[in-house]
Amino acid sequence: MIIGAGGVGRVVTFKCAQMPDVFTDILLASRTKEKCDKIASDLTGKPIKTARVDADNVAELSALIQKFGPDVVINVALPYQDLHIMDACLETGVDYLDTANYEPPDEARFCYRWQWDYHNRFRDKGIMALLGSGFDPGVTNVFCAWALKHHFDEIHELDIIDCNAGDHGRPFATNFNPEINIREITANGRYFEDGRWVETEPLSVSKTFDFPEGIGPKKIYLLYHEELESLARHLPGLKKARFWMTFSDNYLKHLEVLQNVGMTRIDPVMFEGREIVPLKFLKALLPDPGSLGPLTKGKTCIGCLIKGLKDGKEKTYYIYNICDHEACFREVGSQAISYTTGVPAMIGAMLMVNGVWKKAGVYNMEQFDPDPFMDALNRYGLPWTEVFL
């Protein structure tokens, strides 16, 4: 059962439908059933059930889960809804997977604590929750686990570097949910060093990184991202961990203006006698990320730059994926940002359904054997490359 019919929901549905031996029956549910029906109608040869559900309503979620009887619920709805969906999975005894950690609606804050606190309840119920099975978080976590298993005795420094070198030709648009994207970028930066967290002003730390395979040098900006929290917890010996992302000058110019006039605020304001949240209003005005698929050209490059020790010697290692926007659109009708999130969600669910990754409780991606996931990335559309520097 897939909850969420945005760009990522489309990719997850298409990729699950490609594997009928694993995903024998698929239900796609969303607050807007018409979106689900459109995705289902675009698939040929695989009937997809659709339903309307309010992901904020635990009773409604539970009733739909009970009626359909899935082995796993794949949550690609909004991060605000994670806990409601986890509650419904607890109530119905069904495994859970998401691609982004819970955020409270009134605060732009990455924190796994809310979901980690479900561990004992999921364990006692005998069900599993897999957190952050997207690309970053998700694949980047597994890249680290792979590096530690195969190439390092200790990982000391980690830089997760996310580049979207694509161009959609629009004056200003976000490649995934505008509300979540802008909340993330306008929050303070944060990185892990020597056992503590260091905060920075939003987008105040930057440098140039030379990306492989023809993408070339791009300016990258330090952000805080949720996988840093789990990796700092689960990678022994880690001394420094940072997350970086590219933004065009045009994107940053528009974002600065929107911030200056208050359009990125997440607190309610009064407008013509009723409360509105400016960022939610802005989201309604901006292009739907799903509409960018046929417009976007270029590539993404997401990877991990890792430094550490092997047999007492220092090593530097870079592992990454290159994804082409136009190739993604040809396959599933979506751009690469949605593709790189949706494919790992399918893979994580596949490993859960097949019992390869199976343990009662709440877990992050790096807590499992990386090998089957890494093999599946190569087979299902996200091949990776590793180099020693």
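Visitor: In which loop is Asn101 found?

Guide: This is a predicted model. Asn101 lies in the loop between strand 5 (95-98) and helix 5 (113-116).

Visitor: Is Asn101 buried or exposed?

Guide: The relative accessible area decides the matter, and a value under 20% counts as buried. For Asn101 the value is 1%, so this residue is buried.

Visitor: Which residues is Asn101 in contact with, leaving aside its neighbours within four places in sequence?

Guide: With those neighbours set aside, Asn101 contacts Pro79, Asp82, Phe110, Cys111, Tyr112, Gln115 and Glu226.

Visitor: Let us turn to helix packing. At what angle do the axes of helix 3 and helix 4 cross?

Guide: The axes of helix 3 (residues 58-68) and helix 4 (residues 82-92) cross at roughly 45 degrees and come within 9 Å. Angles under 35 degrees count as roughly parallel, and those from 65 to 115 as roughly perpendicular. Helix 3 and helix 4 are therefore oblique to each other. Their crossing is right-handed.

Visitor: Which residues make the contact of helix 3 and helix 4?

Guide: Helix 3 contributes Val58, Leu61, Ser62, Ile65 and Gln66, while helix 4 contributes His84, Ile85, Asp87, Ala88, Cys89, Glu91 and Thr92.

Visitor: How many disulfides does the structure hold?

Guide: A disulfide is a covalent bond between the sulfur atoms of two cysteines. The structure holds zero disulfides. Cys301 is accordingly in none, and the nearest cysteine sulfur, belonging to Cys163, is 6.3 Å away.

Visitor: Where is the place of Cys301, and which residues is Cys301 in contact with beyond its neighbours within four places in sequence?

Guide: Cys301 belongs to strand 15 (residues 299-310). Apart from those sequence neighbours, Cys301 contacts Ile161, Asp162, Cys163, Phe211, Pro212, Ile215, Tyr318, Tyr320, Asn321 and Ile322. Cys301 is buried, with a relative accessible area of 0%.

Visitor: How many Å separate the C-alpha atoms of Cys301 and Phe243?

Guide: These C-alpha atoms are separated by 14 Å, and Cys301 and Phe243 are 58 residues apart along the chain.

Definitions and conventions:
Residues numbered from 1 in each chain as written. Predicted model: local features only at pLDDT ≥ 70, side-chain atom pairs only at ≥ 80, totals over all residues. Heavy atoms only, no water. Axes fitted to C-alpha atoms, helices over the stretch in contact; angles between N-to-C directions. Helix = DSSP H or I, 4+ residues; strand = E, 2+ residues; numbered from the N terminus. Parallel < 35°, antiparallel > 145°, perpendicular 65-115°, else oblique. Left-handed = near helix turned anticlockwise from the far one by under 90°. Contact = heavy atoms within 4.5 Å. Disulfide = S-S within 2.5 Å. Buried < 20%, exposed > 50% of the residue type's maximum accessible area, 1.4 Å probe, protein only.
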